[in-house]
Amino acid sequence: MDNGKRRHKACDPCSQRKVRCNGRQRCQQCEHLNLPCKYSAAAPRSQYQRRSRKPARKLRNPLQAIAALATSASVHGSSRTAGTNGDSMQYQATAELSDGDFFVALLSDFGIFVLPFHPAITMSEAQSAIETMSENQEARAFVKTNPESSDISKWVSMSLDALTPILLQENISVRRVATLQFLHVCFMGLGRYDIAFYYLRQSVAMLEILRIRDSSSMLVLPFTERSQRQRLYWTVFIHERFYAIACRRPALLHPLETLPEPDVTIPIDINIGFIQIIRLFLHIDDDMLSKWFATFDSEQRIDLSWVPEKHQQIEAETAGGLDEVACLSNRQQVDLLITKHWMRILVWQIAMSKCLLSSGSSEQSMSLSFPIGISKHLRDLIASVSKQDIEVHGSGIQQKLFELTDATASVVLTVPASSPEERRQRVDDFNFLSRFWKSLPRPNAVQEELLESKHSKLAEVELGTAGLEPCEDRTETSRWELDRSGRCHAVRSQERNIWRVASLQCCQSQVSRKEEPGVCDDRKIVNPKRPQV
């Protein structure tokens, strides 16, 4: 067939993945993914199979929306694009398919995009929720927590309508807690961080009611149920630790004494990847959280030895290492590796906020230029995987990539390079990371403005037309476009950005005065909005 001739139906791969097909002999989708592009002959339709004249109900895949939301909103927001060319998957049921058949046909996407990162609900339980959603309110609430990415608010509202209060004779179920957790994820993706916190706390409270930390209560449960509750607990634990870092809220959940017990209902590669991400988040312990919160409190001191010790702990953690990620999918590997880089930068920011860093330090983790090495590894990682493997994680991965990119920009602006070639490489790495971050779905408006501001300053410096003054506060232009909780989150991002620059310059002034790290007067950065360096 001539390549220019179009078909009136989608090819088999596009039809299976429910993506738009341009109908050519080798369509754009298959060309992009290097898939065999085949068109099966249309099966003859009997007179009893004619399409109904009744308008089709427009249904979008709730399970796909977990991939579009749960894995894309934060830790882990809401803007996953599943199409290989960046277009969102669109799902519309026809009158030829019942609701249940339609959703069951999409369970494979649930297993690929959701289960590896939210393994509390198994494939069989997801299918059971679909089959019983017409008569079970809780099942319907769970399914509808997963909107199609282009209309999140609609599906969240439908889920909330279906989510009835706990009745007098009703017990807390794993599915209800999972539903609340997905609501938390949805509201994070919508930028409603205060409402997301409300549902996160509900999840935490119900975990306490389930007595998962009580070993005697857990031992009487069947093995499969016990393992499932452990996975649920650790999922909420990870989300709460991420939220504590992103939104400066205290974490209530303590780690369990054991990791989730292996369960045959969960594929072994998913279990291995999930345990590795747990091991990484265990390093964000209460001590690290207190020191992270102290970056906004200039009166609390941090022991100089803590910084290299914490870096060594993260480096020694084999989770995310080459030996342990070989059996994992690219999506799992990306999540682990970017999370590990993000944790290193968090420790570096804690040290920087207390002026413990030096450009002449022989210890890499104590160097002002530490993010430069991270940016090189990060660029190589991004170049080695598909964009879809990264954007499937949504606003959670976006927040981590923003912290990494912004830290790199602050160093490039503030810390002199040893040669013009090194400076050009630093700027090139920042431009690459910045462009990639902006290309992800729904970038945060204030964070995008911050990166654009630093990009402009870099351009001015390269042209020799400007100095290296601290970044001006440009939050006002976007602040009122966001809801109240979004504005608070934006202000926190802006404040972190300004004290980061202020702290870097404070550390630089120490080097110029030949002072020991840690003797800088913290009063110089007590007000993050007006750094007096």
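**Helix packing and local backbone features**

The axes of helix α8 (residues 152–162) and helix α9 (residues 174–189) come within 11 Å of each other and cross at roughly 150°. That angle makes α8 roughly antiparallel to α9, a label for angles over 145 degrees, where under 35 counts as roughly parallel, 65 to 115 as roughly perpendicular and the rest as oblique. Axes here are lines fitted to C-alpha atoms, for helices over the stretch in contact, with angles from 0 to 180 degrees between N-to-C directions. The crossing of α8 past α9 is left-handed, that is, the near helix is turned anticlockwise from the far one by less than a right angle. In α8, Val156, Ser159 and Leu160 meet Thr179, Leu183, Cys186 and Phe187 of α9, contact being heavy atoms within 4.5 Å.

The model is predicted: local features need pLDDT of at least 70 and side-chain atom pairs count only at pLDDT 80 or more, while totals for chains, interfaces and linings use all residues. Residues are numbered from 1 along each chain as its sequence is written, and side-chain values use heavy atoms, with hydrogens and water left out.

The chain holds 24 helices and 0 strands, taken as DSSP runs (H or I, at least four residues, for helices; E, at least two, for strands) and numbered from the N terminus. Of its 533 residues, 55% are buried, meaning under 20% relative accessible area, with exposed over 50% and partly exposed in between (1.4 Å probe, protein chains only).

Helix α10 (residues 193–209) has 17 residues and should span 24 Å at 1.5 Å a residue, which agrees with the 24 Å between its end C-alpha atoms; the expected span is 1.5 Å times one less than the number of residues. Its buried residues include Tyr193, Phe197, Leu200 and Arg201, as well as Val204 and Leu207. Just after α10, Arg211 takes a positive phi of about 55°.

Most residues other than glycine have a negative phi. Arg248 sits in the loop between α12 (223–247) and α13 (268–281), and is partly exposed, with a relative accessible area of 30%. Cys355 also has a positive phi, near 55°. Cys355 belongs to the loop between α17 and α18 (370–384) and, at 0% relative accessibility, counts as buried.

Met352 is found in helix α17 (residues 330–353) and is buried, its relative accessibility being 0%. The C-alpha atoms of Met352 and Leu368 are separated by 7.8 Å, although these residues are 16 apart along the chain.
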